[in-house]
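Trainee: Could we go through this structure together, one feature at a time?

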Amino acid sequence: MENTAAILPDILGEPWVSRILPLAPSPHAPGADHAVLVHQREAASGRHGRAVLHVPGFVDYFFHTHLAQAWLDAGVEYYALDQRGQGRASRGLRRMEDIRDLTVREEDIRAALAVIRDHGHTHVTLLGHSTGGLQAAVYADHPDAGIDALVLNSPWLDVNRPPVLRAVATALAHLLTPVVPTAALAQLGAEYPRSLHVRHGGEWDFRTDWKVLETFPARAGFLHAVRTLQARVADGLDIRVPVLVATSDRAGDPANPADLASADVVLDPADMHRLAPDLGKDVEVRVFAGGRHDLSLSVAPVRDRFAAEVVAWALAH
């Protein structure tokens with residue numbers, strides 16, 4: 001029976017609700033001992049047999065109700081997971097995204113999937129964006145991952161820097177993580193999130209304490225965690241479920257307003273295309289011309305095509 005005591009009203013308003021998922025404390029995620037799963041109040045009613053679980057990226061959280069509606073309209077229940085240290089699960093923490101081993105978040109995903117299966121869903125697609133896409137890919141490599149299909153929305157499979165800078169950053173992160181894991185080695189620029197927010201002429205009104213409009217540090221511990229997973233991807237994975245990798249058609253310059261609206265100004269799709277074939281045995285890559293880094297936040301024609309094609313692909317698998 002559904003534990004209604006665990007369900008709380010969500011910031012998105014009805015019919016969205018959230019539940020705290022208690023997790024084991026870890027020194028690799030200081031103070032972050034829970035995740036938050038978001039879904040509609042009737043998710044456990046049996047109205048949909050299929051489900052999708054959305055895992056956000058770095059300094060991000062679930063507010064994409066327009067994307068969720070496309071899945072719901074197709075008869076797929078929508079769940080989103082703010083993992084430990086991010087979004088709804090960052091309240092009270094000294095630092096957001098202070099995660100020094102991303103594999104600790106596999107407990108977050110498993111806890112969310114346990115709720116989804118308990119709700120009676122017989123087919124589950126895992127949907128990961130950016131860092132969440134990297135995590136989802138490595139998680140799906142487990143034989144007992146408990147998912148039926150995998151969708152990666154602009155996954156962070158490699159660092160978007162020249163090879164020399166990439167090597168230097170990797171070495172510094174490795175050296176500093178044991179001693180100064182909170183040292184800022186890089187930063188997430190402000191141009192992209194600002195281009196999305198209504199305050200700066202964008203279409204979206206998200207919480208700027210969870211998806212910030214200022215530069216945000218990528219700390220040594222976090223970068224080491226990312227590079228560790230990216231090394232596993234580079235060595236090749238053996239994902240046994242069907243995989244769809246969705247990307248923009250080109251990388252862009254965040255200083256160029258035209259690129260902010262029509263290109264991936266965070267990562268390079270070429271890296272995703274290069275690494276995608278080695279994710280598993282059944283991998284398809286689809287390119288969405290004019291797509292932003294988060295394809296679901298692209299301009300209307302592109303995001304509508306992305307939602308329609310991804311949902312159709314999941315239903316076919």
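Trainee: In which sense do strand β3 and strand β5 pair?

Mentor: This is a predicted model, in which local features need pLDDT of at least 70, side-chain atom pairs count only at pLDDT 80 or more, and totals for chains, interfaces and linings use all residues. Residues are numbered from 1 along each chain as its sequence is written, and side-chain values use heavy atoms, without hydrogens and water. Strands are DSSP runs of E with at least two residues, helices runs of H or I with at least four, numbered from the N terminus, and two strands pair if DSSP finds at least two bridges between them. Four bridges join β3 (residues 34–40) to β5 (residues 76–82), and the sense is antiparallel.

Trainee: Which residue in β5 is the bridge partner of Val-38?

Mentor: Strands of a sheet pair through backbone hydrogen bonds. For Val-38, the bridge partner in β5 is Ala-80.

Trainee: Which strands stand at the edges of the sheet?

Mentor: The open sheet has nine strands in the order β1-β2-β3-β5-β4-β6-β7-β10-β11, with mixed pairing. Two of them have a single partner strand each, so one side of each is left without a neighbour in the sheet. These edge strands are β1 (7–9) and β11 (283–288).

Trainee: Is Val-164 buried or exposed?

Mentor: Val-164 is located in helix α4 (residues 163–176). Buried means under 20% relative accessible area, exposed over 50%, and partly exposed in between, with a 1.4 Å probe and protein chains only. Because its relative accessibility is 63%, Val-164 counts as exposed.
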